[in-house]
Amino acid sequence: MSLHIKAQVKKVAFITLEGEVDSLSAREFQKEIERLAVEGPDELVLLVEKLEFISSAGLRVLIFAKQKMGTHLAVYIVKAPESVVETLEKTGLHHSFNIVDHYV
Amino acid sequence: MTTETRIDYYPTHEQQGIKFRRGHVLPFGATMVAGGVNFSIYSAAATDCTLVLFERGEEQPFAEIAFPDEFRVGNVYSMIVFDLDYERLEYGYRMDGPYNPGAGHWFDKSKILSDPYAKVIGGRNTWMAPPNWDNVYPYRSRLAFEDFDWEHDHPLETPIEDLIVYEMHVRGFTQHPSSGLKNRGTFSALRAKIPYLKELGVNCVELLPIYEFDEWEGNRTSPVTGEPLVNYWGYSTVNFFSPKAGYASTGKLGMQVDELKTLIKELHANGIEVLLDVVFNHTAEGDHRGNTISFRGIDNKTYYMLTPEGYYFNFSGTGNTLNCNHPVVRNMVLDCLRYWAAEYHIDGFRFDLAAILGRAQDGSPLSNPPLLESLAYDPILAKCKLIAEAWDAGGLYQVGSFPNYDRWAEWNGRFRDDARQFLKGDEGKVGLMKERVMGSPDLYSMRGPTASVNFITCHDGFTLYDLVAYNEKHNYANGEDNNDGGNDNDSWNCGWEGETDDEGINFLRRKQVKNALVMLMVSQGVPMLLMGDEVGRTQHGNNNTYCQDNELNWLNWDDQHTNADLFQFAKHLLRFRRDHPVLRSPVHFQHRDYVGSGYPDISFHGTQAWHGDHDASSRAFAFMLCGDHAKQGIVKDSMVYVAMNMYWDALSFELPGLPETKQWHVFANTALASPDDIHAPGAEQWLENQHDFLVGPRSVVILVGK
């Protein structure tokens with residue numbers, strides 16, 4: 001009997017956000033998400049250590065990312081400043097994402 | 001074909017670099033469409049309308065676009081404007097037309113007006129942040145995203161008789177420093193305290209107004225403390241579709257919609273329904289001396305009830321009266337409630353001064369008010385609770401007779417009055433109190449106990465503790481020489497006005513608080529508890545704290561420990577109500593045995609079993625509920641016996657006999673000090689004497705036959 005081996009590598013998409021995600025920059029963010037979605041990643045890692053502000057439109061891109069890439073997609077938000085974590089919590093999004101200090 | 005290529009989404013006009021085209025007349029308001037925003041607004045008497053566009057927070061508009069005449073259909077102006085930043089946009093309207101108050105017209109093109117259908121209002125984004133009084137446009141219409149991730153949430157549709165309502169103020173619940181929270185006074189802080197609501201055992205919160213209002217309205221200074229007096233309760237709507245930004249910790253970021261929806265979603269996840277206290281009887285524009293914010297400048301004659309001379313009818317006691325039975329206003333109210341039900345998953349509404357909603361445009365009461373009928377039969381509101389405050393400030397009192405279409409429930413003001421009078425030991429109240437514990441069949445014979453929202457206290461009046469600590473109101477801090485607030489409080493201070501060290505008086509007060517809680521929780525109908533009554537919250541005798549943004553209104557979280565006995569009592573009592581379906585009948589009692597248990601569904605007793613004391617001087621009675629009749633005999637429950645002795649001496653009550661398999665157990669006895677006053681439901685204490693029970697003076701006893 002011949003050997004069948006199926007090897008799979010986890011596909012991870014990284015995005016670094018710096019500065020402010022407002023309604024205008026959210027469109028750029030969304031385009032980037034759409035571009036990555038084509039690749040069908042298993043995980044989306046957002047490096048946000050230097051993110052100062054995320055507006056309502058920015059939050060919506062995060063929801064869009066899950067919808068676009070499928071609910072199986074694990075989203076990690078790495079090194080989020082306290083103000084960003086608070087915004088995620090107050091708007092209930094912290095349940096949908098993994099807010100972590102380090103992505104391993 | 002994608003929306004980008006659709007011919008109706010191409011600009012046809014351009015002005016000041018802004019591209020636009022003819023819009024869609026419906027829906028009213030500002031709606032995001034492909035590539036732009038559709039604006040639509042109604043005015044019957046305007047001669048001209050201009051859309052005014054601002055970048056968020058800027059003093060002056062970046063564009064003003066007059067609606068070309070061909071964009072008007074009937075009395076509706078509509079336009080699509082392209083390439084707007086949804087998040088940064090603020091918009092308003094200028095309306096031109098006659099200025100002739102005597103004829104009901106107040107047009108003034110110099111004013112920029114809020115959209116009555118705006119979904120977010122900017123301008124009062126942080127509670128009591130000083131506004132710019134010179135702002136050309138202080139209450140700014142904004143857009144709201146409608147793509148909140150509700151996941152599987154939907155309104156809970158709890159049968160109304162199973163609700164225990166907690167009437168609360170969003171800010172007052174957590175603003176006191178003792179709440180220990182970071183974002184005190186906000187939706188997000190309320191969310192953090194959901195475990196407290198769960199522990200207390202309520203399954204419904206009724207929020208005092210959360211529609212956008214201006215806390216600075218009527219701003220004065222307290223003659224007692226020198227602090228500002230503000231519009232704290234919020235019964236003065238600026239916009240009906242927008243949540244109060246100042247109640248959101250994210251209001252300054254414009255995310256109040258998300259924060260409120262997150263709160264509702266989490267309340268639902270914890271089995272707690274959300275009712276909104278909605279104020280459709282008047283607006284924040286006041287009378288002829290008031291500010292023009294929106295309605296007055298858009299179409300005064302449509303939106304307000306006016307006297308033949310053009311003055312404002314004042315059935316609300318606040319200056320103006322919304323013209324609710326004008327077909328256009330009626331539709332706005334309907335659109336508004338549908339929006340809150342569909343978009344915010346609201347479980348029901350309590351209508352402030354709802355009798356006004358049944359008045360015709362000339363102010364006369366209607367026998368078949370179209371607005372109330374529309375709401376009763378609306379397909380989108382079909383599962384929402386509709387609760388009327390069935391009176392108004394113009395003298396119309398409709399408790400028991402509110403036009404209901406077998407659908408509306410009422411704040412039962414008679415329950416409040418009769419329970420208070422019985423509680424303080426008035427003569428001749430036993431008969432009335434029996435009606436109240438049965439769900440007021442004398443008032444709602446055809447409608448059932450589910451029409452009766454029972455309460456003893458609400459935001460308007462004394463707190464429960466103050467009801468037993470003050471004979472008179474003490475409202476000097478309100479700055480109206482103690483002339484404001486009701487005088488018919490039916491309160492009794494138990495022997496001393498206000499705070500005292502007298503142990504006997506303090507014990508009696510606590511007992512009276514517990515007695516009142518029992519009356520509320522063992523009565524058929526829908527009980528409503530005022531925030532803080534479970535921990536003895538005091539307003540120091542102020543019975544009209546509408547303007548007090550301070551400790552008079554804020555829940556002191558230390559009270560949960562200081563008055564731990566009251567909290568413990570309330571918690572067990574609420575659990576008891578939820579554990580015993582016999583207390584929550586959907587229909588009136590029949591006073592007979594229709595399940596073959598050998599006992600009628602309800603029976604009344606006095607000091608002798610099976611005999612009531614019908615003497616007018618009687619201040620005591622007892623009743624027994626047969627558990628086999630619970631929920632019309634569908635579920636099995638224990639026997640429940642309640643003796644209420646509001647006489648100043650102890651009375652011995654002969655207990656009705658139980659079937660051989662059952663014995664009486666004591667659940668609560670308010671004559672005893674904590675912790676013996678109540679037991680955990682299910683852990684009731686077996687009663688050695690199964691034949692008589694000595695009920696202490698001004699005390700209530702609950703027994704369980706099991």
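Analyst: One term before we start. Two strands count as paired if DSSP finds at least two bridges between them. Also keep in mind that this is a predicted model.

User: OK. What scores does the predictor give the complex?

Analyst: The ipTM is 0.78 and the pTM is 0.95.

User: And what pLDDT does chain B average?

Analyst: Chain B averages 95. In that chain, 99% of the residues score at least 70.

User: Back to bridges. Which residue is the bridge partner of B:Phe349 in E22(B)?

Analyst: B:Leu386. The two strands here are E21, residues 348–351 of chain B, and E22(B). They pair in the parallel sense, over four bridges.

User: Which other strand does E22(B) pair with in the parallel sense?

Analyst: Strand E23 of chain B, residues 409–411. That pairing has two bridges. B:Ala388 stands opposite B:Glu410 in E23(B).

User: Which way do the residues of E22 point?

Analyst: Both ways. B:Lys385 and B:Ile387 point one way from E22, which covers residues 385–388 of chain B. B:Leu386 and B:Ala388 point the other way.

User: Are those residues buried or exposed?

Analyst: All are buried, B:Lys385 included.

User: What do E21(B), H7 and E22(B) make together?

Analyst: A right-handed β-α-β unit. The helix in that unit is H7 of chain B, residues 370–377.

User: Which residues of H7(B) are buried?

Analyst: B:Leu371, B:Leu372 and B:Leu375. Seen down the axis of H7(B), the buried residues fall within an arc of 95°, so they line one face of the helix.

User: Why would residues three or four places apart point the same way?

Analyst: An α-helix has 3.6 residues a turn, so residues at that spacing point the same way.

User: What do the buried residues of H7(B) pack against?

Analyst: Two elements of chain B: helix H6 (327–343) and E22.

User: New topic. What is the strand order in the open sheet of six strands?

Analyst: In chain B, the order is E26-E27-E28-E33-E30-E31. The pairing is antiparallel.

User: Which strands stand at the edges?

Analyst: E26 (602–605) and E31 (685–686) of chain B. Each has a single partner strand, so one side of each is left without a neighbour in the sheet.

User: How many bridges join E27 to E28?

Analyst: Six, and the two strands run antiparallel. E27 is residues 620–625 of chain B, and E28 is residues 639–645. For example, B:Phe621 has B:Met644 in E28(B) as its bridge partner.

User: Now chain A. How many helices and strands are there?

Analyst: Chain A has three helices and six strands. Along the sequence they follow the pattern β-β-α-β-β-α-β-α-β.

User: What does the C-alpha trace of chain A span?

Analyst: About 60 × 25 × 20 Å along its principal axes. Chain A has 104 residues, and 30% of them count as buried.

Terms used
Residues numbered from 1 in each chain as written. Chains lettered and ligands numbered in written order. Predicted model: local features only at pLDDT ≥ 70, side-chain atom pairs only at ≥ 80, totals over all residues. Buried ≥ 20, exposed ≤ 12 C-beta atoms within 10 Å, placed from the backbone. Right-handed = clockwise from strand over helix to strand, strands pointing away. Arc of directions from axis to C-beta. Contact = placed C-beta atoms within 7 Å. pLDDT = per-residue confidence, 0-100.
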